[in-house]
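Q: Please take a close look at a single part of the structure shown below. A connected account, from the whole chain down to the individual residue, would be welcome.

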Amino acid sequence: RPYVFPFYLRALRKPLREALQWRSIGENAWEQFIPVPGFERFGLITRQILLWRRRAAEHRLGRPNIVVYTMPQYAPLLIRDPACRFYYAYDAYRFYPGWDHARVMTQESRILEAADAVITVSRRMQKDWEGKTRGSLFYLPNATPQEFVHALAKANGEKPADLKNFRGPLVGCIGTIDLGYDWTLIRGLAQGFRQVSFIFLGKVTNRTPEMDEVFRLPNIHLLGQKPHAELPSYIRHFDVCFCPWLVNDLKDRGSPLRIYDYLGSDKPILSTAIDEAVNMNEFVAIGRNASECLAILGQMLGGHYPMDLEARRRFIAKQTWDQRAACLGALIDGVANSERNQVRRVGQISAL
């Protein structure tokens with residue numbers, strides 16, 4: 001796990017003596033934290049550090065049978081890799097703000113060409129890459145923990161202390177608060193429903209004057225970041241769950257974790273028209289513009305929005321991380337076994 005130095009020291013709060021040490025994270029699973037200067041400004045040094053750690057791991061454990069790459073910046077590590085390769089793309093990195101998009105696309109193309117299979121978290125990204133990889137393309141979106149669904153299914157408990165002072169309906173949003181939100185829409189909804197409290201739970205990053213203007217509205221409330229395990233106690237007291245992602249190239253290729261978390265509740269869900277939300281429109285109300293969002297939110301707050309909760313419960317029961325892990329494991333085994341059989345048929349020598 002590579003982390004830039006400031007994040008390693010401040011956010012992870014890990015002493016440097018723990019860096020580069022393997023630690024157990026489960027049965028037959030280990031991880032290693034690797035402080036690096038950064039992929040963008042110090043890409044060459046960072047790649048050399050990762051290559052050094054990769055070689056050290058191979059020296060200790062032997063050549064890997066399977067390697068799963070999760071970022072385009074790992075492309076230089078493909079050079080001496082004889083293993084079965086997977087690219088697990090959980091974000092559309094070529095649209096990241098502040099990144100060198102041309103360089104990211106070049107790196108990603110190298111991985112796509114080398115991968116035996118590519119796994120994406122969104123159908124839009126899967127469509128982007130049709131015909132651009134020699135391997136198979138698989139769709140495996142995000143999910144929610146089984147215990148999170150169970151916690152939401154429990155009877156309503158006492159309100160969290162920081163919700164008790166709010167009167168009127170609560171429209172809640174969980175997750176990182178950043179430039180990826182449609183702040184124009186949020187301002188319009190808050191001004192259109194002044195009797196409603198809009199609750200935001202999450203860390204605020206990259207604040208802008210536009211965001212600060214919205215934060216100053218009297219019915220917008222920032223309650224800070226909460227541990228994920230505590231979020232069910234908040235969601236149970238929301239009247240409406242909200243996903244305000246901006247519809248753009250990046251978010252349209254994302255898989256919104258918050259929607260999977262919301263789906264475990266019995267609350268109506270309003271989302272902007274990001275592609276993955278539209279694909280779940282049987283359970284998620286889609287507002288394609290401000291006027292649609294205003295109208296839908298009015299219906300939800302008035303108790304007039306229909307929901308098939310039984311169908312929703314059946315759906316979310318199949319969208320857990322345990323099930324995703326089982327699918328990923330079976331997918332990797334299937335592709336790796338197929339590659340082994342193909343190598344044997346043509347009589348080549350393989351490290352597999």
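What percentage of the contacts in the protein with a separation of 6 or more comes from residues 24 or more positions apart? Where is the place of Asn-219, and which residues does Asn-219 touch, not counting residues up to four places away in sequence?

A: Residues 24 or more positions apart supply 62% of the contacts with a separation of 6 or more, a contact being heavy atoms within 4.5 Å. This is a predicted model, in which local features need pLDDT of at least 70 and side-chain atom pairs count only at pLDDT 80 or more, while totals for chains, interfaces and linings use all residues. Residues are numbered from 1 along each chain as its sequence is written, and side-chain values use heavy atoms, with hydrogens and water left out.

The protein has 13 helices and 14 strands; these are DSSP runs numbered from the N terminus, with helices (H or I) of at least four residues and strands (E) of at least two. Its radius of gyration is 22 Å, close to the 20 Å that the globule rule gives for 352 residues, so the protein is as compact as a globular protein of that length. That radius is taken over C-alpha atoms, and the rule is 2.2 Å times the number of residues to the power 0.38. Of the 352 residues, 47% are buried, where buried means under 20% relative accessible area, exposed over 50% and partly exposed in between (1.4 Å probe, protein chains only).

Asn-219 sits in the loop between helix 7 (209-215) and strand 11 (220-222). Asn-219 is buried, its relative accessible area being 7%. Not counting residues up to four places away in sequence, Asn-219 touches Ala-190, Phe-193, Arg-194, Val-196, Ser-197 and Phe-198. A polar atom of the Asn-219 side chain lies 3.1 Å from the backbone oxygen of Phe-193. This is a polar contact, a pair of N or O atoms within 3.5 Å; within protein, one must be able to donate a hydrogen and the other to accept it, and residues adjacent in sequence count only if both atoms are side-chain atoms.

Ala-190, touched by Asn-219, is also one of the buried residues of helix 6 (residues 183-192), together with Trp-183, Leu-185, Ile-186, Arg-187 and Leu-189. The buried residues of that helix pack against several elements, including strand 10 (197-201), helix 7 and strand 11.

A polar atom of the Lys-226 side chain lies 3.3 Å from the backbone oxygen of Leu-223.
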